[in-house]
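Open the model in your viewer and keep the selection tool ready. This tour goes from charged pairs to one helix.

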Amino acid sequence: MKEVFDIDDLADRVRLDLGAAHPARLAVIGRPVAHSLSPQMHQAALDAHGIDARYIRIDIAPAAVGEALRRMRDLGFTGCNVTVPHKIEALETCDSSEPVARLLGAVNTIAFTNDGIHGSNTDAPGFLKAFEEAFGRSPAGLAMLIAGAGGGAGRTLAAACAMAGASQLVLVNRTVSKANAVAEQLRSATHSPPETLVLSPDDPSLCAIARDCDAIVNATSLGLSADEPPSLPAAAFRTGQMVFDAVYRNGPTSLVRLSESLGCKSVDGRLMLLHQGALAFQRWFPGTEPLESMRRALQSTAGGS
Ligand code: NAP
């Protein structure tokens, strides 16, 4: 059985399901996609619920997302997850979408319904559930620093914090203009936007401002490999701070290692992966409880990102 499918495999069912025990009904599409842990998580939940379906990885080129989604719809797929770099292109292909997906400009979950291709975004609520599980509270009333706030994940997490009622947002991004654009969008789209400050990672006041924040969120792509430095220096952390790294790898990320050594309470991105995945599963199969089977599958899987 292939580890990674491509758009040509979406030509017909015979080709797609050759030798498989269950028909492919769900997938993650992205590029690259070979490392995704979504198949392990979702297959465990499908099996636990006795659903006759297989979850596969499909490598799709940019600009081919619309064609891929239409082929999946025509082949009778239930839905798919969308990962980097297709979240914006997928939104453009949808016949309908959740308001939060339109606010974020990105979808990570597609459902094929009688009314067409429907897009939603479970990254934002998945982050909030993960934050709550990790720290026993929501970002409401907290001063939150988001490193990498101009990237796809960063703007999603910034919007999630704003919608959850964070009192202050410090948006840090290497390309400062991108964080400025996010701040502007939050100001115009959020009902009562938090006080928002945009900083360059080189700003001399960054560490003092970071130490004053209640929680630090990393949404840069730094930390994926063991030798990459954390996105913020040691001087940005203080004992008792909450640290949420959206990145995950096989073993602790450099940010989790550093911040824990400085007395912070820290988690990596697996918890967000888990919760966004469980919420996506419930979009496809309302009334199911996939969280614990997905959690066990994730715990028994080494590596991935
Ligand atoms: P993206 O859109 O490519 O954004 C990457 C971000 O990282 C940008 O803010 C970028 O800054 C910054 N960056 C990259 N290299 C940097 C460097 N050397 N120094 C400082 N900043 C740097 O990627 P994404 O989709 O947002 O994903 C970001 C990370 O979040 C990835 O590791 C991804 O795996 C993780 N993620 C996790 C989950 C989960 O469920 N746990 C979900 C989504 C994403 P510029 O804007 O200046 O380029």
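**Stop one: a salt-bridge network**

Select Lys2, Asp9 and Arg15: salt bridges link them in a network. Keep in mind that this model is predicted. Zoom in on Asp9 and Arg15, where the closest N and O atoms are 3.1 Å apart. Asp9 is buried, at 3% relative accessible area. Arg15 is partly exposed, at 43%.

How many salt bridges does a search of the whole structure find? It finds 13.

Select Arg57 and Glu3 next. Their side chains form a salt bridge, 3.6 Å from N to O. This pair links distant parts of the chain, 54 residues apart: Arg57 sits in strand 3 (residues 54-59), and Glu3 lies in the segment before strand 1 (5-6). Arg57 counts as buried because its relative accessibility is 9%, under the 20% cut-off. Glu3, at 60%, counts as exposed.

Now pick Asp123 and Lys87. Their salt bridge spans 2.7 Å, N to O. Asp123 belongs to helix 6 (residues 123-135) and Lys87 to helix 4 (residues 87-93), 36 residues apart. Asp123 is buried at 8%; Lys87 is partly exposed at 23%.

**Stop three: helix 8**

Select residues 176-189. This is helix 8, with 14 residues. From first C-alpha to last it reaches 20 Å, close to the 20 Å expected.

Which residues of helix 8 are buried? Color Ala179, Val182, Ala183 and Leu186. They lie on the same side of helix 8, because they cover an arc of only 100 degrees around the axis. Turn to the other side to find Ser177 and Ser188, both exposed.

Finally, show what the buried residues of helix 8 pack against: helix 7 (152-163), strand 9 (168-172) and strand 10 (195-199).

Terms used. Residues are numbered from 1 along each chain as its sequence is written. This is a predicted model: local features need pLDDT of at least 70, side-chain atom pairs count only at pLDDT 80 or more; totals for chains, interfaces and linings use all residues. Side-chain values use heavy atoms; hydrogens and water are left out. Helices (H or I, at least four residues) and strands (E, at least two) are DSSP runs, numbered from the N terminus. The expected span of a helix is 1.5 Å times one less than its number of residues. Buried means under 20% relative accessible area, exposed over 50%, partly exposed in between (1.4 Å probe, protein chains only). The arc is that of the directions from the helix axis to the C-beta atoms. Contact means heavy atoms within 4.5 Å. A salt bridge is a side-chain nitrogen of Lys or Arg within 4 Å of a carboxyl oxygen of Asp or Glu.
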